[in-house]
Amino acid sequence: MLALGLSAYCFLAGFVALFRRDAASARLGETARRAGIATFAAVLLAGIVLVVAAFNDDFSIAYIFHHSNRDLPAAYKFAVLWSGQEGSLLFWSLLLAGYGFVLRLRYKTDQRLFAYASVIIASVQVFFLLILNFAAHPFAVMQGALPADGTGLNPLLQYPEMVIHPPMLYLGYVGFTVPFAFALGALIMKYPGEKWIQITRRWTMVTWCFLTVGVFLGAHWAYAVLGWGGYWGWDPVENASLMPWLTGTAFLHSVMMQEKRGMLKVWNMSLIFATFLLSMLGTFLTRSGVISSVHAFAQSSIGTWFLVFIGLTLAVCTFFLIANRSHLKSEHKLESLVSRESSFLFNNLLLLVVCFTILWGTFFPILSEFVQGHKVTVGPPFFNRVAIPVALLLLLLTAVGPLLAWRKTSVESLKRNFLFPAIGSLAVGGMMILFGVRPWEDPSYFYATMAAILSALVIFTVISEFVRGGRVIAGKTQQNLLSAMIHLCHRNTRRYGGYIVHFGVALVIIGILGTPFNKEVEKEMGFGDKINIGPYTLVCQSFTQDDNPNYANEWAIINVFRGGKQITTMYPERRFYKASQQPQTLPRIYPSFREDLFLVTDVYLVYEGKNETTGRPIIKAHLNPLVPWIWIGLIIMVFGTIVALVPNAAAVQVAATTPVRAPAQVGAGG
Amino acid sequence: MKTVASTQYPVPSRAVRRWLQAAALALAVFVFMGAGDPDVRFKDLGHRMMCTCGCGQVLLECNHVGCQSSDKMRDELQAALDKGGSNNDDLILQGFVQEYGPTVIAAPTATGFNRVAWIMPFLVLALGIAFAVHIVRSWKNRPEPALADGITIPQGSELDEFRRKARKETDL
């Protein structure tokens, strides 16, 4: 309640101060800024109190009773903060207050713009604190006799990644509030120039990185916990996290056109508004239960609050976009269709079409119920069939885009730069056919082959860009090629960091394209029984059970052989959590890096259950080729983002012997 | 005397047409190869339906511990395939819809209002491309901003010469 009062003051006093320009309003604005800072302290305190209550097993608080129990491991007690409805909203609010805290401390960069952003952030903060105080109170007290123990945390959430996946995702969702606040503030005050973009560039990239990690950790969690052998089920809540990621990615690309060429101003504003609204929509979908989902562990009636807020935000954004549209006129014209500008435009178009497809597919069941009177399912077959062709086009642009120059690209230079990557990628496609992939036999094989060719094209393009630039630097500084490439990267971190991210994306696609070649076998296994799958033989050595205060479990001991040689032992497991009285499988995964390296395959074992008659376990074995590349791709994407965040180094000092008069500005085209 | 040949579309030669027909036939043979195989049909149909236990997963991918629905549905699917004869894929799916309701089908059917689900994304893509092309054209046709007296923008070969020099200096 204190935090609500402080943030409401921050909003109202800040709002008044913005529209009155006298000494008194300047002081009022300063008090608003300080109230915003104090809001962070108040929300942080609330978060700490909830976590301490979880550690102290204080079951007089209803939230702790419903999401914890005495024997829950300490790490999960910490994660109780974001494991349920009320706690996760408090966590949302805490992260927003944290972002606002940093922003308000750095206000001297541009006091007026920061004051606008602070007021807008305070308005979002007020919304969340209103919900926390009046609709989803995290400190609601239990009625009646005090329970001896809690009902425990959902078993699906008792996995190490659940301690970091939600915070990452939320840091991404919440983080987009900052560029949104700056964008809306700049639009309202008709901020001259593109400085607001430079101010928010790092915010946006960090936020995008958090969201990327959050989305991929969610996929990995699904892979490692849900036990169906896949990592992406096109579940509505998964879709909700992907949508702001897509618009955020589009924004990161198109915003460069505004910075460098003064173009696409309305578009960029719309994109950042859409990204924020889709983040809110994601939270709404996760929390309202309006659409059925495997994430339906936190449903309530707060959906109305979110709908009103989303509607209100949309109205405000639309009003200022129309009212101040004259401020957003482009400053330059396009010189050529074959240019970086047009590639960004089409890249944006495709990203938004994928985003629309996901939004459309997610909400079509509701539309169908409204029109036809009954719901239909829009599941993986729909998304795969519609989104994959568009995603392949996007991959093609990812490969071609970096080869195009700003303003205009000559056909000769395009041919010259494109030759090596094109030959290399076609060779990859040829090799796939040579090794037995028949793209004409099945649409999924066709898509896999196309994805392989285009991913290779992206990778070869990135490599050729590094090598080409590295050679120039090496020639001028007498360094070896590797040092020159590192130097080159440091010269224009944003451009080459972006290329590294593209490289990571290509690896992720390579990981995904193994899906049509998955294999699976299910078998009841007694002592010494075997499963043959691909080149592997799985032998059941034993099966047993165990017990601890949190759960009882059954598990099998499976020896994995390849070519007659034992390569590992795996322990697929099934647990029964005592507090929640719920069962949970825990698959075991072995990636075959040592045996295959590039064509790495996951051996994925699931303890499906036990035959009650024979007492023997039922094991389901999956072979999932190339999946580990997805996670490696993510690491490279994160690394690329970090590189892009590093400030550029000074200009290359050309060696005295080089017959060039001035220091060369290399790699400044990104 | 003018000819009209330049305004007509080129007609492929007979040999080219035969090659195209042969390629289309080969593609069709490959696409439908194995379509009658019961295992392939089981896998295909099992991936076109959802498990009805509430797990939200495709029928053949449901491994919900203790799931009562997916085992029963798989057995029913296998039994339907074993019947053979006139029991084609559409009839089998129809039977499941009658038993479990329309939500058992994993993607909207291409009938009635459900067609809209399939058409809309591609319609948006087509409209988006048309809009992007329009935008690009309008950008290209936008008049140059007015320049101060005495300043001229290099054009044509003069501009190419500047570009050549710039590339030579940066070597990129």
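**View 1. The second largest pocket of the predicted model has a volume of about 1200 Å³.** In this model, which is predicted rather than determined by experiment, 29 residues line the second largest pocket, and those closest to its centre are A:Met432, A:Ile510, A:Phe598, A:Leu599 and A:Leu626.

**View 2. Several elements of chain A contribute to the lining of the second largest pocket.** Two or more lining residues come from each of helix H15 (411-434), helix H16 (443-477), helix H18 (493-512) and strand E10 (617-625), which are elements of chain A. The largest share of this lining, four residues, is given by H16(A).

**View 3. The lining of the second largest pocket contains nonpolar, polar and charged residues.** When the lining residues are sorted by kind, 22 of them count as nonpolar, while four are polar and three are charged.

**View 4. Chain B contains six helices and zero strands.**

**View 5. Chain B has 172 residues, and 26% of them are buried.** Here a residue is called buried when its relative accessible area is under 20%. The accessible surface of chain B comes to about 12000 Å², and carbon and sulfur atoms hold 61% of that surface.

How values were computed. Residues numbered from 1 in each chain as written. Chains lettered and ligands numbered in written order. Predicted model: local features only at pLDDT ≥ 70, side-chain atom pairs only at ≥ 80, totals over all residues. Heavy atoms only, no water. Buried < 20%, exposed > 50% of the residue type's maximum accessible area, 1.4 Å probe, protein only. Areas by Shrake-Rupley, 256 points an atom, 1.4 Å probe, with all protein chains shown as cover. 1 Å grid on protein atoms, 1.4 Å probe; cavity = no way out; pocket = protein on both sides within 12 Å on 5 of 7 lines; lining within 4 Å. Points joined across faces, edges and corners; volume = space filled by probe spheres on them. Nonpolar A, V, L, I, M, F, W, Y, C, P; charged D, E, K, R; others polar.
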